[in-house]
Amino acid sequence: MNVTVTAKLQVIVTPKQRAALDQTMEVYRQACNYVSGHIFETHDLKMISLHNALYRILREQFGLKAQMTQSVLKTVIARYRTILENQKEWIRAKFVRPQYDLVWNRDYSLLKGELFSLNTLEGRVKLPYHSEGMEKYFDGNYSFGTAKLVNKHGKYYLHVPVTAEVREPDGSEIKNIVGVDRGINFIIATYDSDHKSGFVSGRKIKQKRAEYKRLRKELQMRKTPSSRRRLKAIGERENRWMQDVNHCVSKALVNQNPKHTLFVLEDLKGIRSATEKVRQKDRYVSVSWSFFDLEQKIRYKALLNESSVINVDPRNTSQKCPKCGWIESSSRDKKRHLFCCKGCGYRSNDDRIGAMNLYRMGISYLGRG
Ligand SMILES: [Zn+2]
């Protein structure tokens with residue numbers, strides 16, 4: 001099984017190199033817009049005919065090198081494919097920010113694992129990079145895909161899709177089980193084979209979500225073109241923020257656990273909607289989307305750490321006694337955050353019950369082989 005993640009590597013540039021990169025990114029951007037105009041008029045998305053029609057102009061008028069013309073065509077074709085898939089109609093693609101897509105071992109390569117060599121209009125530049133935390137991508141187990149050069153607040157980053165072949169551990173190799181309960185008051189509550197519970201508070205997330213919600217509501221009522229634009233921009237910002245939170249939560253979760261861990265999560269498809277767990281006033285679309293996104297991120301990171309994720313039936317996970325199996329909704333006193341089993345009298349903080357039950361389901365999953 002292959003897993004691909006994006007490594008964001010900051011490269012270090014001298015003023016002269018900076019000028020070469022800026023120029024290349026700007027010309028690349030202009031060339032993309034030129035090709036975009038041609039494709040928009042002709043609706044032609046075939047590499048060969050585009051190459052025949054545009055190659056000379058891209059070389060002579062824009063001064064692109066042969067390899068870069070290929071990259072430009074690929075970039076614009078890909079953008080139109082995405083537009084057609086999402087919007088179902090021809091909308092002219094605009095390339096607003098300077099950019100540059102680089103094909104591995106053609107437009108960029110790695111010299112002795114120490115320097116990135118990038119093709120620019122001024123020839124090759126060799127750039128050191130910040131490697132802290134990135135070492136694992138260079139251990140030989142990853143292959144590199146087409147990278148994007150990005151200028152963010154004056155710093156240059158290569159966004160490199162790195163792919164590793166991973167093998168899921170089989171049941172006999174599992175050394176640790178972690179029940180992971182997703183929620184609102186706690187982004188996750190966990191319970192593991194050492195009988196330790198863990199909680200990641202959701203309080204700040206809740207506040208920030210509420211802020212976004214208020215902002216969205218305000219803008220929705222205005223109904224002007226500019227408010228609609230802002231609404232879209234804010235939606236995208238909220239998305240990025242949420243993904244960043246999920247990235248941090250999943251990273252910490254996977255790093256805190258050894259290799260060969262089995263993470264047990266509720267199957268979101270089994271809950272009529274993920275929001276069923278969420279109190280009425282907290283229900284909005286972004287919650288279920290965020291649950292799903294978090295799961296994807298845990299899954300990726302677990303695989304890269306020789307661990308795996310299973311989904312289990314979510315029914316009764318918050319009402320069932322993890323000690324005796326008795327199911328009764330009144331066992332749970334939500335106001336006092338207390339779980340007190342009506343069957344055996346077992347008492348615990350109610351927020352860990354879900355995670356404990358998921359943990360137990362992980363044990364029986366392995367027991368079944
Ligand atoms: Zn009980």
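**Close-up views of a predicted model**

View 1. Ser117 has its place in strand S4 (residues 115-120), where strands (E, at least two residues) and helices (H or I, at least four residues) are DSSP runs numbered from the N terminus. This is a predicted model, in which local features need pLDDT of at least 70 and side-chain atom pairs count only at pLDDT 80 or more, while totals for chains, interfaces and linings use all residues. Residues are numbered from 1 along each chain as its sequence is written, and side-chain values use heavy atoms, with hydrogens and water left out. With a relative accessibility of 3%, Ser117 counts as buried, a term that means under 20% relative accessible area, as against exposed at over 50% and partly exposed in between (1.4 Å probe, protein chains only). The side chains of Ser117 and Arg124 are joined by a polar contact of 2.9 Å, that is, a pair of N or O atoms within 3.5 Å, of which, within protein, one must be able to donate a hydrogen and the other to accept it, residues adjacent in sequence counting only if both atoms are side-chain atoms. Neighbours within four places in sequence aside, Ser117 is in contact (heavy atoms within 4.5 Å) with Asp107, Tyr108, Ser109, Leu111, Arg124, Val125 and Lys126.

View 2. Seven of the seven residues of strand S9 (residues 176-182) are buried, so the strand is largely enclosed by the rest of the structure. In a regular strand the side chains alternate between the two faces of the sheet. In S9 both faces are covered, with Asn176, Val178, Val180 and Arg182 buried on one side and Ile177, Gly179 and Asp181 buried on the other. Strand S9 runs parallel to strand S12 (residues 261-266), to which five bridges join it, and Asn176 has Thr261 as its bridge partner there. With strand S10 (residues 186-192), S9 pairs in the antiparallel sense over five bridges, two strands being paired if DSSP finds at least two bridges between them; Arg182 has Ile188 as its bridge partner in S10, and a hairpin of three residues connects S9 to S10.

**View 3. The zinc site.** The protein donors of the zinc ion are Cys321 (SG), Cys324 (SG), Cys341 (SG) and Cys344 (SG), at 2.2 to 2.3 Å from it, where donors are N, O and S atoms within 2.8 Å of the metal (3.2 Å for Na, K and Ca) and sites may look incomplete, water not being among the atoms. The angles among the four donor atoms are 105 to 112°, and the site is tetrahedral, which for four donors requires all angles to lie between 85 and 135 degrees. Cys321 is buried, with a relative accessible area of 2%, whereas Cys344 is partly exposed, with 43%.

Note on methods:
Four donors count as tetrahedral if all angles lie between 85 and 135 degrees; four count as square planar and six as octahedral if opposite donors are over 155 degrees apart and all others between 65 and 115; anything else is irregular.
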